[in-house]
Amino acid sequence: MALAPLLWERPLDAVWTQMSVQLLPFVLTRAALQRIPVFFAVDSTPTLYASFRGHYAHQTDLASAKGRLSLALHRTFYHRCAALLPWSRWVANSMVNEFGVPPERVHVIHPGVDTDRWRPIDERPASVRPQLIFVGGDFERKGGSLLLDVYRAHLRARCDLHLVTRAAVPEEPGVFVHRDFRPDDERLLRLYQRCDALVLPTLADLFSMASIEAMACGLPVIVSRVGGIPEIVEDGHTGRLIAPGDGAALTSAILSLLDQPERGRTWGAAGRRVAVQHFNTATQAARVARLVEQAVAQRHGPAQVAG
């Protein structure tokens, strides 16, 4: 019902959306009749989402009647879009190989952050204990319990741990919990800038905006090798990729950074460069704008685009 106005809205040149099946009535009617190009940006496909069964709530069994219908509707939507803008090659491959979308209509465009705002600050005093940060609203799925276990067993004497999460995790010696941060919160930015590494041993993830935020702030990242994350963090260059649920690997990766702080600074500087080059909001938005302008020009001829 919320999207119904699209069926009779004022003239539209193009539509960019992160909704899929909900937009099918529009895509199959007005968009088709008036040749309005639709651009769809997304971090997963139904099959990739289903591969994390047990870690996300309200997942549909794709073998069920409902699941087969969902696949058919998504396939129809994908093929009716002017272009698909997946967040990662992981998603792009699924669109092409599992849903039959022509490769030339799939453009990988990573999301980004404002790297002028999300940036490092001057080096902290050497006397401050190393500070680790974990950012995950879903504490269990993001590997928060595993990280706490590792911290209690091996790290409490070496560093402090900041947990940014919605979960009711009690504070304890060396552990500081931040429950009321909002997305893009200024306090989260300041916390990144005070910390030495992001540690996110997630069990299931589609992408990782927290990793991008941390890299933009000059932090090395220790994160699980799942979903589209290996396209963000390069193992041994901007951080360390570990297997999900591997406590020994997590412990080793953290201790390695604590024992060799220069390595963390090197990885953090490399991560900052990668964030500016590949995960900058302005750059990524410009790529989307060019695709939209090209589609509008093909439909109407060259047009003025307001900035």
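Q: What share of the contacts between residues at least 6 apart in sequence join residues at least 24 apart?
A: A contact means heavy atoms within 4.5 Å. Among contacts in the protein between residues at least 6 apart in sequence, 61% join residues at least 24 apart.

Q: What kind of model is this, and how are residues numbered?
A: This is a predicted model: local features need pLDDT of at least 70, side-chain atom pairs count only at pLDDT 80 or more, and totals for chains, interfaces and linings use all residues. Numbering runs from 1 along each chain as its sequence is written, and side-chain values use heavy atoms, with hydrogens and water left out.

Q: How many helices and strands does the protein have?
A: Helices (H or I, at least four residues) and strands (E, at least two) are DSSP runs, numbered from the N terminus. Here there are 11 helices and 9 strands. The radius of gyration, taken over C-alpha atoms, is compared with a globule rule of 2.2 Å times the number of residues to the power 0.38. The protein has 21 Å, close to the 19 Å the rule gives for 307 residues, so it is as compact as a globular protein of that length.

Q: How is burial read, and what percentage of the 307 residues count as buried?
A: Buried means under 20% relative accessible area, exposed over 50%, partly exposed in between (1.4 Å probe, protein chains only). Of the 307 residues, 49% count as buried.

Q: Why is helix H8 described as largely enclosed?
A: In H8 (residues 209–216), 7 of the 8 residues are buried, so the rest of the structure largely encloses this helix. Among the buried ones are Ile212, Glu213 and Met215. Their cover includes strand S4 (131–135), helix H7 (186–194) and helix H10 (261–278). Gly218 follows H8 and has a positive phi, near 85 degrees.

Q: Which backbone oxygen does the side chain of Arg129 reach?
A: That of Cys159, at 2.5 Å. Arg129 lies in the loop between helix H5 (89–99) and S4. With a relative accessible area of 31%, Arg129 is partly exposed.

Terms used: Polar contact = N/O pair within 3.5 Å; in protein donor to acceptor, adjacent residues only side chain to side chain.
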